[in-house]
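Colleague: Could you take me through the surroundings of the annotated active site, and then the aromatic rings? I'd like one connected account.

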Amino acid sequence: MSDPMNVLAPEHRRLRIGDAWRDAAGGATFAVEDPATGETIAEVADAEVGDGLDALDAASKAMAEWAATPPRKRSELLTATYRALTERSEEVARLITLEMGKPLAEARAEVAYGAEFFRWFAEEAVRVEGRYNTAPNGGYRILTVPKPVGPCVFVTPWNFPLAMGARKIAPALAAGCTTITKPAAQTPLTMLFLARIMEEVGVPPGVVNVVTTKRSGKVVSALLADRRTRKLSFTGSTEVGRVLLRQAADNVLRTSMELGGNAALIVCADADLDVALDGAMVAKMRNIGESCIAANRIYVEEPVREEFTARFAKRMGALSVGHGLDDGVDVGALIDDASVTQIDELVADAVDRGARVLVGGERPDGPGHFYPPTVLVDVPEDARILETEIFGPVAPIISFTSDDEVIAKANDTEHGLVGYVFTRDLQRALRFAEGLETGMVGINRGLISDPSAPFGGVKQSGIGKEGSHEGILEYLDVTYAAIDLP
């Protein structure tokens, strides 16, 4: 079940630097585990600082030629990547499930989602535009020319091992930038597989480099300290994001950050409860709840609280838990034991403070990193679970009685990534959309991610946008020329 030999050959478990697949300089490797069993599924190269700088050498040397590559050619290579991922979806999905734990159906959905970034930015590559216009005083002309920012360093998380890399690599390549990606140590195999696909479709050496390592801090710090690096994009926790922003400040790097979330999902009394239930299940349980946009706090207006809670708990309790490759599994394994322990502690803290468990709530025995779908009610405001990103299949439900009250509670967090609102009143929906301090709002839907839409947060949930037209702008500088026309 956990042998990935048929999807990733040993030579492609090495570092991808320039035109070579090579071992780490010191020959070290680290194990990648199947979180559902704890078994080792592969050993991959464990890079040192020198390996990271070698990747930056390759990216820097390839930069000028790639930037000069015609946009149409860059577009065609991104389209070819989209097609290759689509054709090999089952292989990639199996690899994602093996190293990350999500059910195979969700892994297939991630492949489709990740591939779409390559198609979207293939179309954006040929639409990067400057402008030429007369200055207001009529004395000269203004010419603006977009240019790629330069070599980019990407630090990607384990929860969407393909999509989070694709969301950065695709716009960077479309803009004419070269890249070095440091994937999460828990899930490096998928990114290595993507690098292999991009090599096969003809992306030139040095444009896409992948450095796998368990020494992330040292390797990434060295890359950010090198003046040849011109851009950092990170997806992960707010805590790590703060550290990287401090390091990026020394060389005044362009940065984009997609950081933590604490999403409120609001169900109004006038909502269509069938729609609200479907949306809440998606917003809470997509990716086993291991998502920055997962519904962290579910607020239900008092007149429908009892009915919504009962129906939601029934649906949560009916979900099947098991290995992601097994038929009929709805909820796979969490990424590691530390994640399970944190969730278990959050649930225990809420219960100690007066919350009641309707479904789940007990850590199972046996191998693998599993936690059952769990619903909590009567959750007090001082419970840690309401202020901590849960990153798992636990749903605290809190009642509310007025819009002003719930907006204030929803905004009472350092995070501002996404909020969800379910109501049949258009004016009410618009008031929530404007009142919530978030970068994104889902109105009557629990899934808001789309390559054609700008993804990003406010407050301490991040800087910049990924996806949409805004996504490629993160990888472009603008040169302005003042042209005298006497």
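Modeller: Strands (E, at least two residues) and helices (H or I, at least four) are DSSP runs, numbered from the N terminus. Bear in mind this is a predicted model: local features need pLDDT of at least 70, side-chain atom pairs count only at pLDDT 80 or more, and totals for chains, interfaces and linings use all residues. Residues are numbered from 1 along each chain as its sequence is written, and side-chain values use heavy atoms, with hydrogens and water left out.

Now, Glu258 sits in strand β11 (residues 254-258). An unreviewed UniProt entry annotates Glu258 as "active site"; such annotations may be inferred rather than shown by experiment, and positions follow the numbering used here, with feature names shortened. Glu258 has a relative accessible area of 3%, so it's buried (under 20%; exposed is over 50%, partly exposed in between, with a 1.4 Å probe and protein chains only). Beyond its neighbours within four places in sequence, Glu258 has contacts (heavy atoms within 4.5 Å) that include Arg167, Cys292, Phe455 and Glu466.

Two of those contacts, Arg167 and Phe455, also meet each other: the charged end of Arg167 sits over the Phe455 ring, 4.1 Å from its centre. That label requires NZ of Lys or CZ of Arg within 6 Å of the ring centre and within 35 degrees of the ring normal. Likewise, Arg286 lies over the face of Tyr113, at 5.9 Å from the ring centre. Tyr113 is buried too, at 12% relative accessibility.
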